[in-house]
Amino acid sequence: MWFNRVMDLAELRSLLARHARPDMTTDIDGVLVSKVEEPYPPSPSMSGTVLALIAQGAKRIALGDRVYEYRAGQYLVASVDMPITGHFTEASPERPAMGFGLILHPATIAELLLQAAPGDLPPGGGTPSGMAVSDAPDALVDAVVRLLRLLDRPRDVAVLAPLIKREILWRLVTGEQGAVVRQLGLADSNLTHVARAVRWIRDHYTQSFRVEDVAQLSGMSVSAFYRNFQAVTAMSPIQFQKQIRLQEARLLLATHPHDVTGVGHRVGYDSPSQFSREYRRQFGAPPSEDAARLRGSTPHAAPALV
């Protein structure tokens with residue numbers, strides 16, 4: 001078993017190195033591949049809803065007051081699209097960090113759950129965090145390797161890729177972090193209610209809101225909403241909105257470095273001093289100074305877990 005796992009990880013690294021593109025996309029829908037040759041400073045991004053499996057190197061992700069670290073042979077799942085800060089902590093040209101990603105779709109997971117036989121799924125309980133890390137079981141690594149092999153056999157992709165992706169999802173929903181993934185596919189789960197609120201806040205991040213109204217939108221009492229939102233995102237709804245505002249501000253400053261006040265207003269801040277204070281607390285420098293550093297580079301907006 002140990003020998004097979006070592007061989008699977010070695011083949012996984014070879015496949016990732018061969019098929020890595022700058023934009024992380026592949027010819028298989030929903031499959032991402034990354035290769036990073038230097039440990040960039042921590043950068044803000046949205047997590048996406050994704051499975052991320054590391055084949056080489058290590059990565060650290062901060063979500064609110066929680067920190068997640070995962071390395072070769074481990075996977076992370078994110079079941080809600082959340083504002084995170086992350087970076088590879090081990091990467092070099094000689095030994096690049098490499099990872100596999102699979103976008104998770106609620107409808108696909110729901111279909112899988114509906115077809116499972118009674119008793120096939122472990123019992124759930126409580127509201128899981130929207131993010132979790134585990135060691136990747138051999139069966140999961142093997143399925144990922146077989147999926148990536150299809151990139152060398154394009155004729156097989158249309159027929160075999162959906163089958164293997166389905167197997168990977170089954171390994172997830174029945175695995176150690178299955179509760180996190182299963183709730184993504186359950187229409188009436190607490191995580192789904194929180195995800196509805198998360199989408200609303202993201203779509204209306206420039207607007208002030210009453211938590212009571214968003215709780216009603218999500219179909220929860222105010223007390224249950226606070227409790228479940230914190231459990232899933234590691235943030236309060238107001239803190240979540242602030243993270244979205246500051247990330248959007250940083251993206252805007254990359255292209256409008258001389259309009260700090262205007263950018264602050266565009267993302268919802270009425271007070272320039274409050275905007276500058278919160279921006280500095282988040283990114284370690286005031287907006288004007290950080291904007292100067294951003295010239296010539298664009299902050300990452302793609303899912304940052306892979």
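Leu305 is in contact (heavy atoms within 4.5 Å) with Ser47, Val50, Ala52, Lys59, Ile61, Tyr70, Leu76, Ala78, Ile84 and Met131, leaving out residues up to four places away in sequence. The model behind this is a predicted one, where local features need pLDDT of at least 70 and side-chain atom pairs count only at pLDDT 80 or more, while totals for chains, interfaces and linings use all residues. Residues are numbered from 1 along each chain as its sequence is written, and side-chain values use heavy atoms, with hydrogens and water left out.

Leu305 also turns up in the core picture. The largest nonpolar core holds 55 residues, and Met131 and Leu305 are the members that touch the most others. A nonpolar core here is a set of buried Ala, Val, Leu, Ile, Met, Phe, Trp, Tyr and Cys residues joined through side-chain atoms within 4.5 Å. Buried, in turn, means under 20% relative accessible area, with exposed over 50% and partly exposed in between (1.4 Å probe, protein chains only). Helix H9 supplies the largest share of this core, 7 residues. A second, separate core has 40 residues, including Leu15, Val31, Val77 and Leu184. In soluble globular proteins, nonpolar side chains tend to be buried together.

On to the helix packing. Helices (H or I, at least four residues) and strands (E, at least two) are DSSP runs, numbered from the N terminus. H9 (residues 237-255) packs against H12 (residues 287-294) at about 60°, and the two axes lie 8 Å apart. That angle makes H9 oblique to H12. For the labels, angles under 35 degrees count as roughly parallel, over 145 as roughly antiparallel, 65 to 115 as roughly perpendicular and the rest as oblique. The axes are lines fitted to C-alpha atoms, for helices over the stretch in contact, and the angles run from 0 to 180 degrees between N-to-C directions. The crossing of H9 with H12 is right-handed, that is, the near helix is turned clockwise from the far one by less than a right angle, anticlockwise being left-handed. On the H9 side the contact uses Arg250, Leu253 and Ala254, and on the H12 side Pro287, Asp290, Ala291, Arg293 and Leu294. Sorted by class, the residues of this contact come out as 5 nonpolar, no polar and 3 charged. Ala, Val, Leu, Ile, Met, Phe, Trp, Tyr, Cys and Pro count as nonpolar, Asp, Glu, Lys and Arg as charged, and the others, Gly among them, as polar.

H12 has another packing partner in H11 (residues 272-283), at an angle of about 50° and with axes 9 Å apart. H11 is therefore oblique to H12. Here Phe275, Ser276, Tyr279 and Phe283 of H11 meet Pro287, Asp290, Arg293 and Leu294 of H12.

Ala291 sits in H12 and is buried, because its relative accessibility is 0%. Beyond neighbours up to four places away in sequence, Ala291 touches Leu253 and Pro257. Asp259 lies 32 residues from Ala291 in sequence, with a C-alpha to C-alpha separation of 9.7 Å.

Val173, in helix H4 (residues 154-173), also counts as buried at 0% relative accessibility. Its contacts, leaving aside neighbours within four places in sequence, are Ile109, Leu112, Leu113, Leu121, Pro122, Gly178, Val181 and Arg182. Val173 and Ala292 are 119 residues apart in sequence and 45 Å apart in space, C-alpha to C-alpha.

Strand E7 (residues 83-90) contains His87, a buried residue with a relative accessible area of 16%. Setting aside neighbours within four places in sequence, His87 contacts Tyr40, Pro41, Pro42, Ala58, Lys59 and Arg60. Ser14, in helix H1, is partly exposed, with a relative accessible area of 36%.

Most residues other than glycine have a negative phi, and most peptide bonds are trans. Met24 has a positive phi, near 70°, and is found in the loop between helix H1 (2-19) and strand E1 (31-36). Met24 is buried at 13% relative accessibility. Ala234 also has a positive phi, near 65°, and belongs to the loop between helix H8 (222-233) and H9. With 4% relative accessibility, Ala234 counts as buried.
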